[in-house]
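Please look at the sequence and the model together before reading on. The report is written for a reader who is new to describing how parts of a protein meet.

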Amino acid sequence: MKLFIDTANVEEIREIGEWGILEGVTTNPSLIAKEGLKLEDVMKEIVEIVEGPISAEVMGLKADEMLVEGRALSEIHPNIVIKVPFCEEGLKAIKKFHEENIKTNCTLIFSPAQALLAAKAGATFVSPFLGRLDDIGHVGMDLIESIKKIFVKGNISTEIISASIRGPQHVIQAAEAGSDIATVPYKVFKQMLNHPLTENGIEQFIRDYEGMKG
Ligand code: E4P
């Protein structure tokens, strides 16, 4: 499973990028707004840091508007992927982008049926949201498992990006469920580093070695 970072903060991308494990970036309008910058400007910076798919979301609600925005964003860099919200107009836009060889990430997927429609329209990626389903008492991971089963049985090449990740367990369960990608927030990447036995072990090794010298 590939690891993307889910942020529009360039410093966070740079820091996690230095670990050598990042293969892509996803952003959304809320994350862009948090940075207080223009989408195009953020994209221009991110493509210089990470080599891999970088999702930039369109804001238009009509397919024609999505197409205008998406074509302009895709001009910025070949790695830009157009993030399209799941809806009827979104499907029409995805189909057209597909015909134009522009990669898409269909976002806000909350059911296997939505994932299947997005894939059939030609989406390069689908983004099912785990955390937001858990938040309303559903089991987000069931959605990943179901989509994976449908895509494998149907020989569908659309890749699954497990999104709305809330903690390290989500990342591990997504990998076990066969998700192609998990898009992980900065905070969760930092949480994934930790294990008390590792920290204690390092301290113990240093103490023992220093003691031997003394
Ligand atoms: C996906 O690409 C979205 O940016 C993101 O994962 C949404 O997560 P949230 O539910 O934490 O806002």
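## About the model

This is a predicted model, in which local features need pLDDT of at least 70 and side-chain atom pairs count only at pLDDT 80 or more, while totals for chains, interfaces and linings use all residues. Residues are numbered from 1 along each chain as its sequence is written, and side-chain values use heavy atoms, with hydrogens and water left out.

Two packed helices are described by the angle between their axes and the distance between the axes. Helices here are DSSP runs (H or I, at least four residues), numbered from the N terminus, and axes are lines fitted to C-alpha atoms over the stretch in contact, with angles running from 0 to 180 degrees between N-to-C directions.

Helix H1 (residues 10–17) and helix H10 (residues 186–193) have axes that come within 10 Å and cross at roughly 30 degrees. H1 and H10 are therefore roughly parallel to each other, a term for angles under 35 degrees. In their contact (heavy atoms within 4.5 Å), Glu12, Glu15 and Ile16 of H1 meet Tyr186, Phe189 and Lys190 of H10. By class, this contact of H1 with H10 has 3 nonpolar, no polar and 3 charged residues, where Ala, Val, Leu, Ile, Met, Phe, Trp, Tyr, Cys and Pro count as nonpolar, Asp, Glu, Lys and Arg as charged, and the others, Gly among them, as polar.

## Helix H6 and its partners

The axes of helix H5 (residues 88–99) and helix H6 (residues 112–121) come within 8 Å and cross at roughly 30 degrees. Here Leu91, Ile94, Lys95 and His98 in H5 meet Leu117, Ala118 and Ala121 in H6, and the contact of H5 with H6 has 5 nonpolar, 1 polar and 1 charged residues.

H6 also packs with helix H8 (residues 140–153), at an angle of about 40 degrees and with the axes 9 Å apart. On the H6 side, Pro112, Ala115, Leu116 and Ala119 meet Leu143, Ser146, Ile147, Ile150 and Phe151 in H8; the residues of this contact of H6 with H8 divide into 8 nonpolar, 1 polar and no charged.

## The lining of the largest pocket

Among the 25 residues that line the largest pocket, Asp6, Asn28, Leu31, Arg166 and Pro185 lie nearest its centre. A pocket is an open set of points on a 1 Å grid over the protein atoms alone, where a 1.4 Å probe fits, with protein on both sides within 12 Å along at least five of seven lines, and its lining residues have an atom within 4 Å of a point.

Helix H2 (29–35) and H10 each supply at least two residues of the lining, and the largest share, 4 residues, comes from H2. By class, the residues of the lining divide into 8 nonpolar, 9 polar and 8 charged.

Notes. Parallel < 35°, antiparallel > 145°, perpendicular 65-115°, else oblique.
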